Amino acid sequence: MKTVFALVDCNNFYVSCERVFDPSLEHRPVVVLSNNDGCVVARSNEAKALGIQMGTPFFKCRDLIRKNSGKVFSSNYSLYADMSQRVMRTLEQFTPDFEIYSIDEAFLEFRAEDLFSLEQLGRRIKNTIRQHTGIPISIGIGQTKTLAKIANKIAKQSASGTFDITDHPDTDILLESIPCNDVWGVGMQYEKLLKLNGILTARNLKYADDAWLRKKMTVMGLRTVWELRGISCIPLEMATLSKKGICSSRSFGKPVETLNELAEALADYTAIAAEKLRKQRSVAPILQVYLSTNRFKPEPQYSAHITYKLPEATAYTPELVRYATACLGKIYRPGYQYKKVSIFFAGIQPQKYLQPNLFPVTRNTFAQKSRFMNAVDSINGRWGSNTAQFAAAGIKKSWRMRRQYTSQHYTTRWSDLPVVKACKTG
Ligand SMILES: [Mg+2]
């Protein structure tokens with residue numbers, strides 16, 4: 001059975017999310033900054049045209065953006081995650097064979113005989129996403145996932161935003177214009193090797209020798225090359241595997257010195273990670289706590305970590321906070337300016353295989369703990385995170401990240417709903 005793949009990629013995703021709720025941002029340079037407003041992580045086409053590169057520190061382009069009446073945003077991840085959900089739910093309506101590849105990318109698979117025109121299908125998907133979510137996308141269609149990725153790159157340059165490589169009379173001409181390292185799965189480690197052997201373009205790679213490829217790039221490299229030849233070797237990954245490890249870690253907005261403040265931040269991160277754990281119905285048997293100063297500053301340096309095996313795997317926040325705090329106490333040294341504390345849950349396992357301890361470590365039963373955490377999660381799910389939170393995580397949270405330019409939580413907080421038109425009553 002012949003199938004084709006479509007790769008859907010949201011254009012300048014974070015910027016597009018901001019634009020949906022503020023149309024005055026259209027046709028202006030817009031950038032979104034990383035955590036702590038450090039550097040640029042998303043750019044509108046206008047910002048790209050000003051020469052602002054990905055990863056540029058904010059202070060280096062601040063004036064340039066201001067001079068060109070541009071706009072700057074701190075990253076608003078709850079908005080981006082929610083908009084991503086909406087895009088993915090809409091895409092799902094087109095086919096059951098569907099893989100979420102990243103926050104703003106998805107693969108769709110179609111049976112070729114079902115389709116009248118791929119180009120038309122691409123346009124229909126693009127228009128539907130635009131209408132349902134306001135997000136502009138590009139679509140590349142190809143016989144394999146690797147070719148769909150390449151088609152998407154070409155689609156990005158085209159006015160229509162869609163490109164069907166299966167329809168092209170001479171694919172080799174297109175592949176000639178794609179450098180090797182732009183091929184999906186060819187990482188930096190192979191780029192050099194290929195160059196040394198005169199393989200510079202995707203077309204060169206397509207006609208490389210199988211035995212040589214297998215020897216030098218393993219069977220994974222060979223798979224990529226077969227995909228360039230139109231033979232599908234990389235299937236969709238439809239089941240999202242639950243995470244084996246969960247980490248919650250952020251740099252502080254300002255250096256933190258006291259154990260109290262560190263413990264607050266750690267409790268906050270632990271609560272976030274524990275919520276993720278419960279969302280995927282898992283429990284953690286092992287936790288690790290990391291603590292470090294800022295190694296880019298000319299100050300006394302210290303960093304440490306500690307691993308702790310819990311007496312019983314759990315997803316119960318109060319217990320996890322208690323153990324994490326105890327771990328922190330063991331590695332904390334006074335007199336340093338700390339930049340970061342993190343928590344990592346390892347060896348995560350499904351809750352249904354939990355082996356309860358014969359001699360329970362806490363007085364509350366498993367059912368009581370679950371009921372309690374369910375209540376907390378549903379309150380926060382409905383009224384926003386941290387509506388119900390643990391006192392251990394602090395009230396003032398002076399260590400919080402810097403986020404000076406955040407937009408509203410348009411889609412996930414009632415009070416931030418956009419107002420279309422204010423009207424007088426009565
Ligand atoms: Mg994108």
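## Terms and basis

Buried stands for a relative accessible area under 20%, exposed for over 50%, and partly exposed for values in between, with a 1.4 Å probe and protein chains only. The model is predicted, so that local features need pLDDT of at least 70 and side-chain atom pairs count only at pLDDT 80 or more, while totals for chains, interfaces and linings use all residues. Residues are numbered from 1 along each chain as its sequence is written, and side-chain values use heavy atoms, with hydrogens and water left out.

## Cysteines

Cys61 is buried, at a relative accessible area of 3%, and the closest cysteine sulfur to its own, that of Cys39, is 9.4 Å away, which is too far for a bond. Cys247, by contrast, is partly exposed at 43% relative accessibility, and its sulfur lies 14 Å from the closest cysteine sulfur, in Cys327, again too far for a bond.

With a disulfide taken as a pair of cysteine sulfur atoms within 2.5 Å, the count comes to zero disulfides.

Most residues other than glycine have a negative phi. Asn12, although not a glycine, has a positive phi of about 40°; Asn12 lies in the loop between strand 1 (3-10) and helix 1 (13-21), and is buried, with a relative accessible area of 19%. Helices (H or I, at least four residues) and strands (E, at least two) are DSSP runs numbered from the N terminus.

His27, also a residue other than glycine, has a positive phi near 60°. His27 sits in the loop between helix 1 and strand 2 (30-33), where His27 is exposed, with a relative accessible area of 69%.
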